[in-house]
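Here's a quick look at how one model is put together. Have the sequence and the coordinates open while you read.

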Amino acid sequence: MKDHVAEYTAKTARSRALHEEALRVMPGGNSRTTTFFDPYPFYLVRGEGARMWDADGIERLDFNGNYTSLILGHAPAAVVKAVQEVAASGMSFPGPTEHEIRLAEVLTRRIPSLETLRFTNSGTEATMNAVRVARAFTGRAKIAKFEGAYHGTHDWVLVSVAPDLAAAGNRRRPKPVPSSSGIPKEIVKNVVVLPWNDADACEKILAKEGPSLAALLVDPLLGIGGVIPPAGGFLERLRAATAQQGIVLIFDEVISFRVAPGGAQERFGVRPDLTTLGKIIGGGLPVGAFGGRADVMGAYDPRKGGARISHGGTFNANPLTMAAGLATLAELTPAAYARLDALGDRLRAGVTALLRKKKLAAQVSGLGSLFCLHWTRKRLTDYRASRPADPAMPLRVFMGLLNEGIVLSQRGMGACSLAMTDADVDRFVDALGRIV
Ligand SMILES: Cc1ncc(COP(=O)(O)O)c(C=O)c1O
């Protein structure tokens with residue numbers, strides 16, 4: 001690691017200088033914990049297609065894609081044009097625009113379970129509202145989520161995101177562990193934590209907790225938790241158990257929506273009650289959305305002063321984001337999804353062959369254009385199984401790849417974009433081969 005950091009700092013003097021300026025005005029010098037790494041992050045100045053350039057002029061191939069948001073790559077012409085045209089007519093208004101209707105129409109057409117929806121500015125606000133409306137609809141207080149699953153940064157979901165196993169209890173009956181300072185005990189006590197891919201254990205917990213559970217929040221791919229797809233029949237059993245208990249089943253498709261025109265729910269054939277969206281539906285601008293069953297979403301209907309849940313938001317459904325989202329989704333044709341799948345398959349096949357050749361205790365998971373490197377030989381069933389044998393390995397690989405001109409997430413998750421070529425994917429595999 002020392003060598004990787006020495007090489008990185010030797011090449012990034014301008015980023016270091018910017019970081020030092022930033023330290024004077026922001027704690028740790030930034031506004032986004034997830035993108036920070038020691039000794040300092042590189043500052044970005046430009047992106048084009050599959051590549052981006054930092055403040056020192058270093059070009060890197062982007063397999064992070066702003067944490068899977070940039071499905072078309074950087075600055076795609078059609079999206080830039082749409083945003084420029086809309087921006088010239090006003091950036092935001094104290095009222096709705098037609099763009100909002102059009103994006104909502106596209107999304108409801110693609111996702112049949114999404115009968116009606118509302119827009120937010122982040123995935124965090126989307127999951128926060130989905131949880132709130134589930135509580136309002138059921139009159140129950142608790143929610144359930146999976147160990148290792150990330151759903152944003154509001155209190156209710158900052159529980160057992162990446163818990164220390166010493167505090168997390170039994171694998172089949174995980175204890176809720178706060179993932180941040182400042183989360184009230186009352187909230188932690190009201191979050192039930194489930195083990196991913198263990199349907200028997202989940203059914204047992206849901207049977208016991210069911211009468212007090214408003215919602216079960218599920219990222220169908222356990223995205224940030226390592227892109228670990230559900231075992232055959234797992235989502236179906238969650239669907240049956242929640243239906244039986246009157247628990248609102250929420251699919252958090254902020255990441256997984258990118259695996260098919262109708263998201264993971266289309267790919268796996270399971271219909272949730274509510275869905276949350278974000279990332280790609282905003283075409284690179286801040287976005288979120290939540291929606292689903294019209295009877296549940298009715299709580300937001302403000303006609304005749306009737307809204308049971310008030311959902312403001314100065315920039316909700318702002319025309320720039322709506323136009324960028326529409327322009328992005330217009331590019332996502334069936335052929336585009338086939339291409340994304342092919343890129344992901346090529347990458348996973350290349351990495352798997354490499355790891356085998358080098359006899360490394362590692363593997364790659366994923367689905368479609370999403371993938372994640374895992375530094376363990378264990379069968380990848382859940383958060384616990386996916387923990388690296390050497391906890392420092394993911395960050396070493398991240399730094400090593402950075403020096404090779406490749407950007408991944410620090411935990412090893414990545415996404416192929418439509419701007420990539422087969423040669424870009426092969427370059428990733430070659431670079432990984434050199435650093436491991
Ligand atoms: C599954 C999932 N839900 C919610 C969020 C939060 O979205 P945002 O960062 O837009 O608040 C994320 C972000 O990575 C996510 O992966």
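## A helix pair

α4 crosses α12 in a right-handed way, meaning the near helix is turned clockwise from the far one by less than a right angle. Helices here are DSSP runs of H or I with at least four residues, strands are E runs of at least two, and both are numbered from the N terminus. Helix α4 covers residues 77-87 and helix α12 residues 319-331; they pack at about 155°, axes 8 Å apart. Axes are lines fitted to C-alpha atoms, for helices over the stretch in contact, with angles from 0 to 180 degrees between N-to-C directions. The pair is therefore roughly antiparallel, the label for angles over 145 degrees.

On the α4 side the contact (heavy atoms within 4.5 Å) includes A78, V79 and A82, and on the α12 side P319, L320 and A323 are among the residues.

## Where the model comes from

This is a predicted model: local features need pLDDT of at least 70, side-chain atom pairs count only at pLDDT 80 or more, and totals for chains, interfaces and linings use all residues. Residues are numbered from 1 along each chain as its sequence is written, and side-chain values use heavy atoms, leaving out hydrogens and water.

## The sheet

Seven strands make an open, mixed sheet, ordered β4-β12-β11-β10-β9-β5-β8; strands pair if DSSP finds at least two bridges between them. β4 (116-120) and β8 (191-194) sit at the edges. β4 and β12 (residues 288-292) run antiparallel, joined by five bridges, and T120 has G288 as its bridge partner.

Helix α8 (residues 199-209) lies across β5, β8 and β9, at about 160° to β8.

Technical notes
Parallel < 35°, antiparallel > 145°, perpendicular 65-115°, else oblique.
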